[in-house]
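Dear colleague,

Please read them with the coordinates open.

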Amino acid sequence: MSVYRLQQGRAPLLISLPHVGTELPPELHERLVPRALASEDTDWHLERLYRPIVEQLGASLLVPRYSRYVIDLNRPPDDQPLYPGAAGGTGLVPTHFFTSEPLYREGAEPDAAEIAARREACWRPYHEALAAELERLRAEHGHALLFDGHSIRSELPWLFDGELPALNLGTADGASCAPAITERLGALLAGQTAYSQVVNGRFKGGYITRHHGQPGRGVHAVQLEMSQRCYMDEASDPRTAYDEAKAAQVAPLLERMLQELLSCPV
């Protein structure tokens, strides 16, 4: 069985949702602490939220099978920190929850050989599929657009101070896409009042955005880190906390963002 699912679309847009996977291999169950089996740090329900937009726009969609607890697809393969000097954080193969407690039972953490094996089995195929789909779109349309979608709890003191803005757009400080994309998407977000927003704030874009965004080659990438309060009841069990009313309110804005991305001169 593949470690990812790719749905190819007709538009020059690929939506990647690298942290929506929830599956954990059976051999990890006894090594992880019981709490970890719920994969609580998943980007919950994002595929459900984005799928109608994907269908409407004719975009491609790439999603993983496994939980980020197996391997984090948005981290560099050499596990260098994305935000040097930032407090907290998890690596290529996480060993802690977002709340800082250990994921593994004492002495059961993966060693270097296991990390390398997971990288080859799960990380590399996802990135190869991502790169190949972007190249297909670029060859067909003359350019390719990558939208890397994420979500996170609004408050996680181990990772950031205070409450995160609702919508956090990242373009690696403008390096991952044409300037017009940062300007136009930023203006769209600034022009609405329903959600707090920031561009290239705490989340500037992870490895996927920084590595695959190559505007000089006609490949333009952005990341959106969305607070889960935008479409979930954060006080409930995240597995069942999807809020239809909240989702119906934020979905049109997400679609407008993606339409704006598609219309940007690149």
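In what follows, contact means heavy atoms within 4.5 Å. This is a predicted model, in which local features need pLDDT of at least 70 and side-chain atom pairs count only at pLDDT 80 or more, while totals for chains, interfaces and linings use all residues. Residues are numbered from 1 along each chain as its sequence is written, and side-chain values use heavy atoms, with hydrogens and water left out.

The protein has 5 helices and 7 strands, these being DSSP runs (H or I, at least four residues, for helices; E, at least two, for strands) numbered from the N terminus. Its radius of gyration, taken over C-alpha atoms, is 18 Å, close to the 18 Å from the globule rule (2.2 Å times the number of residues to the power 0.38) for 266 residues, so the protein is as compact as a globular protein of that length. Of the contacts with a separation of 6 or more, 80% are between residues 24 or more positions apart.

Glu-40 lies in the loop between β2 (13–16) and α1 (46–57), and with a relative accessible area of 18% Glu-40 is buried, a term that means under 20% (1.4 Å probe, protein chains only). Once neighbours within four places in sequence are set aside, Glu-40 is in contact with Arg-35, Tyr-69, Phe-97 and Arg-153. The side chains of Glu-40 and Arg-35 are joined by a polar contact of 2.8 Å, that is, a pair of N or O atoms within 3.5 Å, of which, within protein, one must be able to donate a hydrogen and the other to accept it, and residues adjacent in sequence count only if both atoms are side-chain atoms.

Best regards

Terms used:
Buried < 20%, exposed > 50% of the residue type's maximum accessible area, 1.4 Å probe, protein only.
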